[in-house]
Amino acid sequence: MASPSILCILSDDILARIRSKLSSELDRKTWRLVCRDFLRVDSACRTSLRVLRTEFLPGLLQKCRNMESLDLSVCPRINDAMVAILLGRGSVCWTRGLRRLVLSRATGLKSAGLELLTRSCPSLEAVDMSYCCGFGDREASALSCAVGLRELKLDKCLGVTDVGLATIAVGCNKLQRLSLKWCMELTDLGIDLLVKKCSNLKFLDISYLQVTSESLRSIASLQKLEGLAMSGCSLVGDLGLHFLGNGCPSLLVIDVSRCDGVSSSGLISLIRGHSDLQQLNAGYSFPELSKMFFRQLKDMKDLNSIKVDGARVSDFSFQIISANCKCLVEIGLSKCMGVTDLGIMQLVSGCLNLKIVNLTCCCFITDAAILAVADSCRNLLCLKLESCNLITEKSLDQLGSCCLLLEELDLTDCSGVNDRGLEYLSRCSELTCLKLGLCANISDKGLFYIASNCKKLRELDLYRCNSIGNDELAALSSGCKKLEKLNLSYCSEVTDTGMEYISQLKDLSDLELRGLVKITSTGLTAVAAGCMRLAELDLKHCQKIKDSGFWALAYYSRNLRQINLSNCTVSNMGLCMVMGNLTRLQDAKLVHLSNVTVDGFELALRASCIRLKKVKLLASLSSLFSSDLLQTLRERGCQIRWD
């Protein structure tokens, strides 16, 4: 007779303590697959759940009774009927302690289901309804039943009007964080009603709303407001910023980027009233910032982040910032005119704590500027140098010597970057994101150094690096095991052999293979079988892949949520297999599929309409599809983009 397992003497409490030592979700997943006892304890201990497939929801929620956070944003077609099932007799224990609910893109959920859900969750404090295109005033009224709500996101809920916002403000008057970004039907009246009822607001996002300075007059009365985002509010003028400057005594963070109607004088009046601001984003709002604005920074001793992207600046600007903003950890200068080597050297001479520097398209800076940054900012974490063509291997040598904590580096379209530079850069062993797109002077040799030394790399962009071939992918597959996102688009030397190497990257979730004309069904089959966690895949213009490759994709890649098959040679049968079998697919681009007939498109779309949220199709097909199919797609919340 077999001796009993040692696991029999371990109590649930001990097993729970063992589970608590597992830091990563992948480790916890492996742990709960060991035996039923581990699975039972894991279910009892879980406080958060992110579900991909609707059919598993009832069983999971019955087991996970201590749920505090539930994310259904990637679970296709949550609707009123499903909510009724989830809240059926004997399965409501999971709602008692639920505090956070993510329903982003849950386009099938209407007012009845939402009201049932909110009434069943008495502890609900945070709800995310972003990008729910069917969310309107009725749904807002249903949501107002969550009287304990502290945080709410309604980004791009295009059907919400002032009436709906008013019902939420009255019912959820304890709100502290609210995002209304892109809610285009809201006006000054709605914002005024909100402010009167929700006086405890600490963060408010009204970006891209068609509101005027009158809304800022109302918002200025919020005594506890700490953060305000109003990016893209084109109807707001200097008067609105003046109201804010005289109000909101607790304001610490302000975003006035892309506000076309304001000027430097308005911004000055704003910051003059808030010298304790910590973060200021004024990007792409001002063609030029006045000297008076920069002089005003003398009083902002606590400022740790400033973004003035798109503005004309001068060496004087950096001199003021360097002398006064000693706490600065982030600066955004993307597409700024007037950025010089001298200006950057002045900046970093005083701002030694900088961790994030964005110099995108500052095309006149040279190695001298980057040498100064690397030498002064030893704790640098993120550096963006896209299109800085005067940067050479000297800069990368200094970064590799001084900035050993560097995690993210963008060298896109930097023509001065070469293999020797990458060798120097490989000393930055903490790199997690490296962008080298359009760097024509790098080859397998340079990338070999990166693959050998940057073991923590999670994102690598090699877009149009034409000298990169299979040898580099071999080095990547053995050296960068944690790689999650890889862009090989238009790397024309990559073949099926390279795909064999890619298939060894088990954590890969986002792969771009656009324009790889040498890969065939054999290569795609290898990737599909090896990269089981793949969620996003771009195969546009991969014209040598035949149906056998797409069949393999349909069989193995069950986690795919987004795919681009435009300009591929897939047939009716292949397309139907992909669209029908990929049960988590939500976004598909299907333009210029010359081997697919109208009937083939119809069958494929009917097979996937229950879960599709976005589909891109050739405009000429719009008049050929049956009205029944188009109506079905729209009723299920699928957005059709005609190209």
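Helices (H or I, at least four residues) and strands (E, at least two) are DSSP runs, numbered from the N terminus. This is a predicted model, in which local features need pLDDT of at least 70 and side-chain atom pairs count only at pLDDT 80 or more, while totals for chains, interfaces and linings use all residues. Residues are numbered from 1 along each chain as its sequence is written, and side-chain values use heavy atoms, with hydrogens and water left out.

Let's start with Leu158, which you will find in the loop between β5 (151-153) and α8 (162-171). Its relative accessibility is 41%, so Leu158 counts as partly exposed (buried means under 20% relative accessible area, exposed over 50%, and partly exposed in between, with a 1.4 Å probe and protein chains only).

Now for the open spaces. Rolling a probe the size of a water molecule over the atoms shows where empty space is left. A pocket is an open set of points on a 1 Å grid over the protein atoms alone, where a 1.4 Å probe fits, with protein on both sides within 12 Å along at least five of seven lines; lining residues have an atom within 4 Å of a point. The largest pocket is lined by 29 residues, and Glu25, Lys29, Arg32, Arg50 and Leu52 lie nearest its centre. Helix α2 gives the most to this lining, with four residues.

Next, look at the charged pairs. Side chains of opposite charge can pair when their charged atoms come close. In a salt bridge, a side-chain nitrogen of Lys or Arg lies within 4 Å of a carboxyl oxygen of Asp or Glu, and the structure holds 19 of these bridges. One of them joins the side chains of Glu125 and Arg99 (3.0 Å, N to O). Glu125 sits in the loop between α6 (111-120) and β4 (126-128) and Arg99 in the loop between α5 (80-86) and β3 (100-102), so this pair ties together parts that are 26 residues apart in sequence. Glu125 is partly exposed, at 31% relative accessible area, and Arg99 is partly exposed at 39%.

Compare that with Arg119 and Glu115, whose side chains also meet in a salt bridge (3.0 Å, N to O). Both residues lie in helix α6, four residues apart, about one turn of the helix. Arg119 is exposed, with a relative accessible area of 57%, whereas Glu115 is partly exposed at 32%. Finally, find Glu602, Arg606 and Asp628, which are linked in a network of salt bridges.
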